Structures are given as structure tokens and as C-alpha cells.
Amino acid sequence: MRENGPVTSATRQPETPAATLPPRLIATDLDGTLLRDDKSVSERTVAALAAAEEAGIEVFFVTGRPARWMDVVSDHVHGHGLAICGNGAAVVDLHGGPGAHRFVKVRELARENALDAVRLLREAAPGTVFAVEQTYGFYQEPAYPKLHMEIPDTLAPAEQLLAPDAPGAGEPVLKILAFHHELDPDAFLAVARRAVGDRATITRSSPSALLEISGPGVSKASTLELCCAERGISPEEVVAFGDMPNDVEMLTWAGTSYAMGNAHPAVIAAASGRTVANNEDGVAVVIEKILAERL
């Protein structure tokens, strides 16, 4: 979900956390982390991901992106074929390729909670505009900017989009998006969290004032924890990578975690280590080091 933004100067070498259990799973964000700013996956990174899988380390992509935007990495999901999308709102099997993915797990945002969040944010931050992300559909208010390079299925006020008889009413809501044209992104996030409270989980992954609102308790970390529990993998056996506030919980939960050289200050504070920037293949740098230490 992250748009390209300014990149801070990178750390030249990874700052390595203290050793824990040998890793069994690598969890990596995509935009600003695994992907370069041009949205490509470098040859070095492709090779590192394949080598990790060959060594028996599972790789999970854990992203704010919806499933339909996963074509950038669908060729690199290897054996399990799974990705965590929508900031933890869905676990998706990408084996079918673009447009043919299968939802394995959905953690929806109840429409009543979404409507509460819309009402409270309109009161706390007048001028906020909304979009609704569902399993297969995308709907937005007329004033919501064209941030996502796609044509919405319906244009209408959020209250109508979330009504029981709305288009796509039979589909789960994965998250709603809230945008403000004037507020500072971090200030907007703080205002929204105070206003909405425990009715929803609110985070952001864009350098603009764009918030992502999911169901209570739904995050990259909580869904990754579920996936790891199903595999008998402990947090100490997970290495995680991220760059924006929507990665903070995941980096805190994982036994070993790395903030990218281009990461938001909150991410740097949350991670146990730091690698170089996404444009310098920071994820691959760490994976190569992990594999070299196993020899």
C-alpha cells in the first residue's frame, strides 16, 4: 500500500540482533522493504528468497496490499504459495496467479465497526474521505483521491458503501481507508486512534495522510502469529522485515527483526536490528548472512 516517498540514507552494514533460535520463517513486508522503489524484485533478492526456501526456511510476504496487487511477487511464493494481505485481514493462496487467488483465511472488519470509525473520524478530523476494500471489490467516496491507479466499482458516501444493501454487501470488508488532504500523516494517525479506540485497528503505510482501518486486533503480527502457530513455529524462530508503522507490531512480535535503512522512526525503534535500504536489497543482505552462518 505504500507509495514511493523520500528515502533516508541507508545504514552501510546490517546491525545484527543477538542470536536466537535458528530461523524457520522469514516474514517480509513488500513496498519499501522487499520491493525497490520501482516496485521490482531485484535478481539478488529473487536468488536470496529461493535460497532461503531451499534451506528449509519458509518465506511469507506480509503486506498492506490487497490480493489483486500481488502479481509483483506471485512468481516467488515457492511451495506454500501463501501471503498475508491487507495488513493481516486475509491469508491468500497465490498459486492460481493474478485474478485467480484463493482466500484461505479472512479476518473481516464488521460493517458496524466500520460505520462507527467513519462517524468518529468525520467528527474528529473534518474533511476525511473514505474508501472500502473488500475481498474482491474496491469502493470509494467521490472525493477520495485516485491513489491506487484503479477504477472503483462504485462511487458513493461511505455510509452508503457500508450499508446492508450496498453493492458487494455479501463480501467481507477487509479494511477501510481514510485520507486527509491537509493533516500530517502521523498526527492524523494519532487523532484517529484516539477517536476510534478499540472499535478498530488503525495504522498507516503511506507517506501521505492515508490511514488503513482493520478489525479489532487484526494486524500483520496477529495473523502471522496464527500462521506460525499452525506450523508449530515460535516467535523466536521468525525473522521479520519492515519499514512503516503498519510493520511495528510484527517487528516487535518476531524474535529477530530488521528495520530498513529507509524506515520510519517508529519502525527503527521497534526493530531489534537494522539493514540497508530497500533499493540496496536490504532483505537479501540479511538472508545471505543468515544462510552463510548455517554453513
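This short tour goes from the whole chain to its aromatic pairs.

Before you click, note that this is a predicted model, in which local features need pLDDT of at least 70 and side-chain atom pairs count only at pLDDT 80 or more, while totals for chains, interfaces and linings use all residues. Residues are numbered from 1 along each chain as its sequence is written, and side-chain values use heavy atoms, with hydrogens and water left out.

Start with the protein chain in cartoon view: it has nine helices and 14 strands (DSSP runs numbered from the N terminus, H or I of at least four residues for helices, E of at least two for strands). Of its 295 residues, 59% are buried (under 20% relative accessible area with a 1.4 Å probe, protein chains only; over 50% is exposed, in between partly exposed).

Now look for aromatic pairs; the whole structure has two. Rings of Phe, Tyr and Trp (its six-membered ring) pair if their centres lie within 6.5 Å, and planes under 30 degrees apart count as stacked, over 60 as edge-to-face and the rest as tilted.

Select Phe103 and Tyr136: this pair is edge-to-face, with 5.2 Å centre to centre and 85° between the planes. Phe103 sits in strand S5 (residues 102-106) and Tyr136 in the loop between strand S6 (129-134) and strand S7 (138-140), so the pair ties together parts 33 residues apart in sequence. Phe103 is buried, at a relative accessible area of 17%.

Next, select Phe241 and Tyr258. Their ring centres are 5.4 Å apart and their planes at 15°, so this pair is stacked. Phe241 belongs to strand S12 (residues 238-242) and Tyr258 to strand S13 (residues 256-259), so the pair links parts 17 residues apart in sequence. Both Phe241 and Tyr258 are buried.
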